[in-house]
Amino acid sequence: KEKNYLGKGIMLDTNLTLSDDQIKGRFSVVNPNFKNTDRSINTTIESTSSDYMTTSGYKTTRTGIKLGTGFEQYEDLFFNIDVSNYYEKLETSSLASAIKKKQEGDYFENLVSYSITLNKLDQNYQPTDGYLTRFTQTLPLYSDDSTLENSLRASKYHSVNDNLILSGKLFIKAVNSMDDNVRVSKRVYIPSSKLRGFKAASIGPKDGTQYIGGNYGAAINLDTTLPNVLNGYENIDFSLFLDAANLWHVDYDNSLDSNKIRSATGVSVNWFTPVGPLSFSYAIPISDAESDKTESFRFQIGTSF
């Protein structure tokens, strides 16, 4: 993940996840000033295959492409619109729950998403002051499953001095079906970057042995840099963080709900190298649920404070 690819502000995100049950690939590129038109162009291609036949009795494959553009409507107020097409196949076995058997089949989706962003940051890459607020909504143009998604992201930065920067971030997302229960592959999960100290997609409601996400999710992140930890190494930043999140509500079975705040604190290190930023974090969970899976150490390439 790189927020300033080739030094031109191009945001590049490549992701490949391999596990016992899932293979997930994603490629996304955003050019904020396409051919000097003051309009952004973004493209995303992704595919996910999840096989839970032996544990939960179902398997899904979902593949799609998204194209979009954005522009500054008024000073510091930006409007973005995306059109996407996805194909998904859901298969079940005798081990599947009644709700999954009901959702078995092929799905085609033609979706439109729009976002409104108020950007008052002093700079988009490694901001030190200002704030950013973004509201996003996804609507079905044509879909075999009419699901409505709403999300809100906000961040605030405050520079005490050149070496001490405070920041706070907020994430809220809701997914609801307009005619039935939300499909299992479209439920809300807390992004791993929003909750350090816990394994990705390993908190919240469970159906049997599988984490199924929720209809609602929220997270808050508080960070502060630690100045002068290593004098003479200006390319290495240290920071303290406090993360808290919750993932709740299962529309098809309230008994599966797991409404509990998860939180963790720790220290992170961002090392800016010639091959890109390297990020290390060590987290200690403060509060969790018995079913959650925790992790102390995390390493990432291309992320920054």
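A charge is taken to sit over a ring if NZ of Lys or CZ of Arg is within 6 Å of the ring centre and within 35 degrees of the ring normal. By this criterion, the charged end of Arg62 sits over the ring of Tyr86, 4.2 Å from its centre. The charged end of Arg39 likewise sits over the ring of Phe71, at 4.6 Å from the ring centre. The model is predicted, with local features requiring pLDDT of at least 70 and side-chain atom pairs counted only at pLDDT 80 or more, whereas totals for chains, interfaces and linings use all residues. Residues are numbered from 1 along each chain as its sequence is written, and side-chain values use heavy atoms, with hydrogens and water left out.

Aromatic contacts were examined next. Rings of Phe, Tyr and Trp (its six-membered ring) are paired if their centres lie within 6.5 Å; planes under 30 degrees apart count as stacked, over 60 as edge-to-face and the rest as tilted. Eight aromatic pairs are present in the structure. In one of them, Tyr52 and Tyr58 are tilted, with 5.4 Å centre to centre and 35° between the planes. Tyr52 and Tyr58 are both buried (under 20% relative accessible area, with exposed over 50% and partly exposed in between; 1.4 Å probe, protein chains only). A further tilted pair is formed by Phe71 and Phe79, at 5.9 Å centre to centre and 50° between the planes. Phe79 has a relative accessibility of 27% and therefore counts as partly exposed. Phe71 and Phe79 also belong to a cluster in which ring pairs link them with Tyr114 and Phe135.

Salt bridges (a side-chain nitrogen of Lys or Arg within 4 Å of a carboxyl oxygen of Asp or Glu) number 16. One of these joins the side chains of Arg26 and Glu46 (3.9 Å, N to O). Because Arg26 lies in strand S3 (residues 22-31) and Glu46 in strand S4 (residues 39-52), this pair ties together parts that are 20 residues apart in sequence; helices (H or I, at least four residues) and strands (E, at least two) are DSSP runs, numbered from the N terminus. Arg26, at 28% relative accessibility, is partly exposed.

The side chains of Glu88 and Arg183 meet at 2.4 Å, N to O, in another salt bridge. Glu88 is in strand S6 (residues 77-92) and Arg183 in the loop between strand S10 (165-177) and strand S11 (206-207), 95 residues apart. Both Glu88 and Arg183 are buried. Asp251 is partly exposed, with a relative accessible area of 26%, whereas Arg187 is buried at 5% relative accessibility.

Two cavities of 30 Å³ or more were found. A cavity is a set of points, on a 1 Å grid over the protein atoms alone, where a 1.4 Å probe fits but cannot get out, and lining residues have an atom within 4 Å of a point. The largest cavity has a volume of about 70 Å³, and its lining includes Tyr189, Phe198, Lys199 and Leu247. The second largest cavity has a volume of about 40 Å³. Arg183 and Arg187 are among the residues that line the second largest cavity, together with Ile99, Lys100 and Tyr252.

Note on methods:
On a 1 Å grid over the protein atoms alone, a cavity is a set of points where a 1.4 Å probe fits but cannot get out, and a pocket is an open set with protein on both sides within 12 Å along at least five of seven lines; lining residues have an atom within 4 Å of a point. Grid points are joined across faces, edges and corners, and a volume is the space filled by probe spheres set on the points.
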